[in-house]
Each structure stands twice: as structure tokens, then as C-alpha cells.
Amino acid sequence: KIISVSKEFDVFMFLILLLNTIVILCSYFTSDYPDTYDLIDSICLYFYISEFLIKIIGLGIIKYFNDNWNIFDFTILIIGLIAASVNSIITLTKSVK
């Protein structure tokens, strides 16, 4: 529980979010390193999944979903997982052709 409510954990996750935002902006404005952008985006997604699990374990499901920011984070996580799944399916489909 201590990690899930620590200031250091919040700062670390904010830095991951900042990195992910920069990567998204870079990939929007330039397509020079698409594989690198995808890799960093995937790594960030794993950090978001880890954050969710740490908070669920530390706070419990009820307390987790009583916080509006956690609901927002969870919604973004689900959207990210769906997007990653769709991208994987598209990549797999292209490689089969």
C-alpha cells in the first residue's frame, strides 16, 4: 500500500506519462523512427499496467475506483490496450499477406 500512495511513485508515473506524450508527439510530426516509437509506447503501456496492478493491490478495488483520477487512468489504460491489440492484429494481418 505504501508504494501505491507514495509521492515518488506519482512522480515516476508522471515522468512515464511525459515520456509517452513526447513519443506520441514525435511520431505525429515525424516518421523517422517508427519502430523506436512503437517500442517506447509499448514499454510505457507496461508501466501503466504495472501502476494499475500496484494501486489495485495497494488500495483495493473499491478504494481504487472511488478516485476519479484512477477511473480516468483505468479508462486510458483500456483504450491503450485496445489500440495495442488492434495494431498487433493489423501487423499480423499484413505479415500473413
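**Figure 1. What lines the largest pocket: mostly greasy or mostly charged side chains?** The lining has 13 nonpolar, eight polar and three charged residues (nonpolar: Ala, Val, Leu, Ile, Met, Phe, Trp, Tyr, Cys and Pro; charged: Asp, Glu, Lys and Arg; polar: the others, Gly among them). You're looking at a predicted model, where local features need pLDDT of at least 70 and side-chain atom pairs pLDDT 80 or more, while totals for chains, interfaces and linings use all residues. Residues are numbered from 1 along each chain as its sequence is written, and side-chain values use heavy atoms, leaving out hydrogens and water.

**Figure 2. Inside the largest pocket.** This pocket (on a 1 Å grid over the protein atoms alone, an open set of points where a 1.4 Å probe fits, with protein on both sides within 12 Å along at least five of seven lines) has a volume of about 690 Å³. Of its 24 lining residues (an atom within 4 Å of a point), Asp41, Gly80, Ala83, Ala84 and Asn87 are the closest to the centre. Helices H1 (7-29), H2 (34-59) and H4 (68-96) each supply at least two lining residues (a helix is a DSSP run, H or I, of at least four residues). H4 brings the largest share, eleven residues.

**Figure 3. The second largest pocket.** Here the volume is about 580 Å³. Look for Met13, Glu51, Lys55, Trp69 and Asp73, which lie nearest the centre among the 21 lining residues. H1, H2, helix H3 (61-65) and H4 each give two or more residues to this lining, and H4 gives the most, with seven. By class, you'll find 13 nonpolar, two polar and six charged residues.

**Figure 4. H1 packed on H2.** Their axes (lines fitted to C-alpha atoms over the stretch in contact, with angles from 0 to 180 degrees between N-to-C directions) are 10 Å apart, at an angle of about 150°. The two helices are therefore roughly antiparallel (over 145 degrees). Phe9, Phe12 and Val23 are among the H1 residues in this contact (heavy atoms within 4.5 Å), while the H2 side includes Tyr37, Phe47 and Ile54. The contact has 14 nonpolar, two polar and four charged residues.

**Figure 5. H2 against H4.** These axes come within 10 Å and cross at roughly 140°. On the H2 side, look for Leu45, Ile49 and Phe52, among others, and on the H4 side for residues including Phe74, Leu77 and Leu81. By class, this contact has nine nonpolar, two polar and three charged residues.

Terms used: Grid points are joined across faces, edges and corners, and a volume is the space filled by probe spheres set on the points. Angles under 35 degrees count as roughly parallel, over 145 as roughly antiparallel, 65 to 115 as roughly perpendicular and the rest as oblique.
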